[in-house]
Structures are given as C-alpha cells and as structure tokens.
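Here is a short walk through a predicted model. Keep the viewer open and follow each stop in turn.

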Amino acid sequence: MQNLQMVDLKRQYHKIKNEVDTAILNVLESTAFINGPDVQSFAKELAEYLDVKHVIPCANGTDALQISLMALGLKPGDEVITTSYTYIATVEVIALLRLTPVFVDVDADTFTMNIDSARKAITSKTKAIIPVHLYGQAVNMEPLLELAKEHKIPVIEDNAQAIGGTYTFSDGTKKKTGTMGVIGCTSFFPSKNLGGYGDGGAIFTNDDALAETLKMIANHGQKTKYYHEMVGCNSRLDTIQAAILRIKLRHLDEYCTARRAAADYYDKAFSNNPKIVTPFRAPYSYHVFHQYTLQLRGVDRDGLQAKLAKRKIPSMIYYPVPSHKQNMLKEYGTANLVLPVTDMLQDCVISLPIHTELTEEELSYITSNLLELIG
C-alpha cells in the first residue's frame, strides 16, 4: 500500500500523464503563455459543461470573489451576508474592499448556509449574499434565491469546493452549482475536484453586461488595450493551466463519481457507530465530496488525529477557527458573535482522505484503524 495522502495528485496525474504532457509541450512550442488559445477554449468548454453563458477565467478563486464584488459596484460599508464556517478567502475579499461581513450560521447536517439565519440578517444595507457550497454539498438554493429576489439582493455563489455538483429544484429542474446566482465563482487550486497544477480560478454568469464588466475588471479595467475605463486588477489564468484544465474537465464527472464511491465506503463502514456522524446528503444536492468530514461525539478529536498520524493516516480539521473569530476581522467586532452550529462544528469535525485514486485496500485500512481507535 502506498503512502496515504489527503489528496493523491501524483497518481491522478499518472493516469492522464500523456495527455497532460502533450498539452503542456504544445503550449511551450506555441509560446502563447498569456491568453493563449487554450484559455479561450477552456472557457468555452467549461461554459458548455456548466450550461452557463459566460465563463471568465482568472488567476485564482479569491480573485474571482473579489472581482465579482467589484463588478456589483458595492461601496465601503455595504453589508455582505455569508457564513463564518468557510475558508477565509470568502470573507477576506469582503474586508479587503472595506465592505462589512455579516455572518450567519450553518445547518448542522449540511454545514451550509442556514436560510432562516440569512433572512434574519438582512437589513437596508445588505447588498449581496455569498452562499458557500461547502465540502462539495450544494446550499439549499431555491429558498435562498426566493429570499434574495424578494429583497432584490444579488447572490454570488462560492463554488470553490463543489464544481461538478448539481442542485435539484422542487419542480425537478437541475442546475450546476455556481450557475444559479447572479455570479458564481470557483477555484482551480490543485486539490480541488477540478484542479490545475498551480493557481487558477473562474467566474460564471448569464448576464451579458455583467460578463463584460467582469472581464474588464480582471484585465486592468480595460476593454481596449491602454484605454482603462474603471479600476481593475491583473487576474489571468495562464495558458499552461488552461491546457491542463481542459484535459481534467473531460474527467470531472469521472472524478466526482470516484469521490462519491469512496464516500459510500466510508458511510457504510461508520454507519453503526454512535460516536460518528457521517456526512449528510441533502435530497436536493448531488454531493461531490471535495472533503469527507465526520462529526465526532464523545471523542478526543485531537488525540484521535495524533493516533491516526502515528499509523500514517492523514486527516485535517476544517476549520479550527471560524472566520468571525479570526484576528484579521477584529475591527468588525464579530469575535463574540454567537453562532451555535458553527461553534459546535469547529470542535467536533475531522476530515479523512478523499480523492479519485483511493483503493479498497486503503479505505479498509483507514476505516478499520479509525474504528479501532475510537473504540
């Protein structure tokens, strides 16, 4: 058995090595390193996969969120509702633009935005809502979109962990995560379900005018070279990453299926243990398991993690300090905010290896050891 990894990118690469190596060499031969043909082709292919009109590639997922907020014309002091139980990038861009983050709680089963909590947080200053499709599970978007429509608030989906996922509406309509709000954002960080071999990101929208603004902001605020119509930034997906992502996009559904199969194995192995709560799969969500995150009951989590490490089993704690308690946000006075579910999750969750190359032997080793250690 090979050394266990939280995400085994080497084995995944070896399966598509010839395709990837050829694609990289073609870019090197072309020398079209910035905005080469592969960038446009990838944007078109991803738009077709997502069934969305516009995909704007950019340098990373954090930039995607920042550019989206800039494109909506928000002003310092405007409030943006989001969850604290998320990677800091979601909140970081709000603070960076001198907007005001308003934190709401998550559901205890899905770990995603609690819609009632969001409803109570809306004020006259609320100018955007950022739901996070966390760990590969879709937020319950139908009631959230109805709420946003009622109050005329744009929704920016943080889809960095759920690309390939699907949401099913009550009438049976299905939409890919990231395509239901006014704007969707994703990251192509290497460990993502659709990951490059470096940084990368993208923005999605069905709004033609907004797409034009997003493209301009990502390109120094210009539509025509050297004519800058607004303050923008320099955020590009380089051609080599686009060439790699074109190949990996063709395998994305296969990757999601493999992650779900590993999650099925975990679910079955842990199903009868009262000390373990396995991830909930909401009926409206096709969960693509960017992470496989357990809740522990009556277990010394840190002690368990240390014991797993001794047996060469990696694990991670996402997220030990919620965003509202981070020092970088102390000026907002959110440290004492009471978010009961968020506070509970920070103390009881642990994530196990989940990726496309996990074998039954590896899954058996992980599950049997964890069950033995929990007792």
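Rings of Phe, Tyr and Trp (its six-membered ring) count as a pair if their centres lie within 6.5 Å. By that rule, ring pairs join Tyr85, Phe111, Tyr135, Tyr318 and Tyr319 into a cluster. The structure holds twelve aromatic pairs.

Look at one pair in detail. Phe42 and Phe188 sit 5.4 Å apart, centre to centre, with 75° between the planes. Planes over 60 degrees apart count as edge-to-face, and the pair of Phe42 and Phe188 is edge-to-face. This pair links distant parts of the chain. Phe42 belongs to helix α3 (residues 37-50). Phe188 lies in the loop between β8 (183-187) and β9 (201-205), and the two residues are 146 residues apart. Both Phe42 and Phe188 are buried.

Tyr318 and Tyr319 make another edge-to-face pair, at 5.7 Å between centres and 65° between planes. Tyr318 and Tyr319 are buried too.

Now turn to a sheet. Three strands form an open sheet in the order β3-β2-β4, and the pairing is parallel. β3 (100-104) and β4 (126-130) are the edge strands, each pairing on one side only. Neighbouring strands here are turned by 30° against each other on average, direction ignored. Strand β2 (residues 79-83) is joined to β4 by four bridges. Val80 stands opposite Ala128 in β4.

The last stop is on the surface. Leu25, Leu28, Phe33 and Ile34 form a nonpolar patch there, with about 370 Å² of accessible area together. Leu25 lies in helix α2 (residues 17-30). Is Leu25 buried or exposed? Leu25 counts as exposed because its relative accessibility is 52%, and the cut-off for exposed is over 50%.

Terms used: Residues are numbered from 1 along each chain as its sequence is written. This is a predicted model: local features need pLDDT of at least 70, side-chain atom pairs count only at pLDDT 80 or more; totals for chains, interfaces and linings use all residues. Side-chain values use heavy atoms; hydrogens and water are left out. Two strands pair if DSSP finds at least two bridges between them. Axes are lines fitted to C-alpha atoms, for helices over the stretch in contact, and angles run from 0 to 180 degrees between N-to-C directions. Patches are made of residues with over 30% relative accessible area and no salt bridge: like charges are joined within 9 Å, nonpolar side chains (Val, Leu, Ile, Met, Phe, Trp, Tyr) within 5 Å. Accessible areas come from the Shrake-Rupley method with a 1.4 Å probe; for residues, only the protein chains shown count as cover. A salt bridge is a side-chain nitrogen of Lys or Arg within 4 Å of a carboxyl oxygen of Asp or Glu. Buried means under 20% relative accessible area, exposed over 50%, partly exposed in between (1.4 Å probe, protein chains only). Rings of Phe, Tyr and Trp (its six-membered ring) pair if their centres lie within 6.5 Å; planes under 30 degrees apart count as stacked, over 60 as edge-to-face and the rest as tilted.
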